[in-house]
Amino acid sequence: MGGTVTGPSEFRVDPDVDLRVPADRRELPAHPAAVLGVIAAGGVLGALGRAGLQAAFPHPPTGFPWATFGINVTGCLLIGALMAVLTARPAGPLVRPFLGVGVLGGFTTFSTYAVDAQRAIAAGAPGTALAYLAATLAGALLAVGAGDAVAGRVLARARGGVAR
């Protein structure tokens, strides 16, 4: 009885990377500490931006959390645009971890989204909580698609081609 437990066959720093795709393996030659370092640096920048916006636009527990809503929708728009840009114009191995995972990962905050909704419910505003939950989900999904589509069209025009 008993068998051998084996770990993953390949070291993965970024879970969004499909190691079966040769182009996705470009980040592996970079030292993992460098990848983690740029993710951490980007995360600090994104989190500072988010914290500044949330401090500038506070909301009462029963109010709609516009700052967090705007942060998440804007972050999703930028993520969509970033993915379109990096797909069309591959960049260095640290660009996506820094901007995507770090800056935009630190900027968006779906944990605060959940906490804001919970606080609204606890404060007696379930309608606000439900509206916030639905609006953020719809807004974030639409924003990713819009960011990808707009960036794709801009890049196609810049190349003199037809927009996708």
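The legends below describe close-up views of a predicted model.

View 1. The protein chain has 164 residues, and buried residues make up 32% of them. Taking contacts between residues at least 6 apart in sequence, 69% join residues at least 24 apart.

**View 2. Helix H1, from residue 32 to residue 56.** The end C-alpha atoms of H1 are 36 Å apart. Buried positions in H1 are Val35, Val38, Ile39, Gly42, Gly43, Gly46 and Arg50. The cover over these buried residues includes helix H2 (66-88) and helix H3 (95-107). One of the buried residues of H1, Arg50, is also touched by threonine 108.

**View 3. Helices H2 and H3 side by side.** The axes of H2 and H3 come within 9 Å and cross at roughly 170 degrees. An angle over 145 degrees counts as roughly antiparallel, and H2 and H3 are therefore roughly antiparallel to each other. On the H2 side, the contact is made by Ile71, Thr74, Gly75, Leu78, Ile79, Leu82, Met83 and Leu86. H3 contributes Val95, Arg96, Leu99, Gly100, Leu104 and Phe107.

**View 4. The buried residues of helix H3.** Pro97, Gly100, Gly102, Val103, Leu104, Gly106 and Phe107 are buried in H3. These buried residues pack against H1 and H2. Gly100, Leu104 and Phe107 also take part in the contact with H2. Glycine 105, also in H3, counts as partly exposed because its relative accessibility is 38%.

**View 5. The positions recorded as a binding site, Gly105 and Thr108.** An unreviewed UniProt entry places the feature "binding site" at Gly105 and Thr108. Glycine 105 is in helix H3, whereas threonine 108 is in the loop between H3 and helix H4 (110-122). Glycine 105 is partly exposed at 38% relative accessibility. Threonine 108 has a relative accessible area of 12% and is buried, because buried means under 20%. Not counting residues up to four places away in sequence, threonine 108 touches Arg50, Ile71, Asn72, Gly75 and Cys76. The side chain of threonine 108 reaches the backbone oxygen of leucine 104 at 2.9 Å. Leucine 104 is itself among the buried residues of H3.

**View 6. Asparagine 72 in helix H2.** Asparagine 72 counts as buried because its relative accessibility is 0%. Its side chain reaches the backbone nitrogen of threonine 109 at 2.7 Å. With neighbours within four places in sequence left aside, asparagine 72 is in contact with Thr108, Thr109, Phe110, Tyr113 and Thr136. Thr108 in this list is one of the positions that the unreviewed UniProt entry gives as "binding site".

**View 7. Valine 144 in helix H5.** Helix H5 covers residues 126-159. Valine 144 counts as partly exposed because its relative accessibility is 32%. The C-alpha atoms of valine 144 and isoleucine 79 are separated by 6.4 Å, although these residues are 65 residues apart along the chain. Apart from neighbours within four places in sequence, valine 144 is in contact with Cys76, Leu77 and Gly80. Cys76 is also touched by threonine 108, and Ile79 belongs to the H2 side of the contact with H3.

**View 8. The spans recorded as transmembrane regions.** The unreviewed UniProt entry gives the annotation "transmembrane region" to residues 33-52, 64-86, 98-115 and 130-156. Two of these spans are described here. Over residues 98-115 the chain is 89% helix and 0% strand, with the end C-alpha atoms 26 Å apart. Residues 130-156 are 100% helix and 0% strand, and their end C-alpha atoms lie 39 Å apart.

Note on methods: Residues are numbered from 1 along each chain as its sequence is written. This is a predicted model: local features need pLDDT of at least 70, side-chain atom pairs count only at pLDDT 80 or more; totals for chains, interfaces and linings use all residues. Side-chain values use heavy atoms; hydrogens and water are left out. Helices (H or I, at least four residues) and strands (E, at least two) are DSSP runs, numbered from the N terminus. The expected span of a helix is 1.5 Å times one less than its number of residues. Buried means under 20% relative accessible area, exposed over 50%, partly exposed in between (1.4 Å probe, protein chains only). Contact means heavy atoms within 4.5 Å. UniProt positions are given in the numbering used here, feature names are shortened, and annotations may be inferred rather than shown by experiment. A polar contact is a pair of N or O atoms within 3.5 Å; within protein, one must be able to donate a hydrogen and the other to accept it, and residues adjacent in sequence count only if both atoms are side-chain atoms. Axes are lines fitted to C-alpha atoms, for helices over the stretch in contact, and angles run from 0 to 180 degrees between N-to-C directions. Angles under 35 degrees count as roughly parallel, over 145 as roughly antiparallel, 65 to 115 as roughly perpendicular and the rest as oblique.
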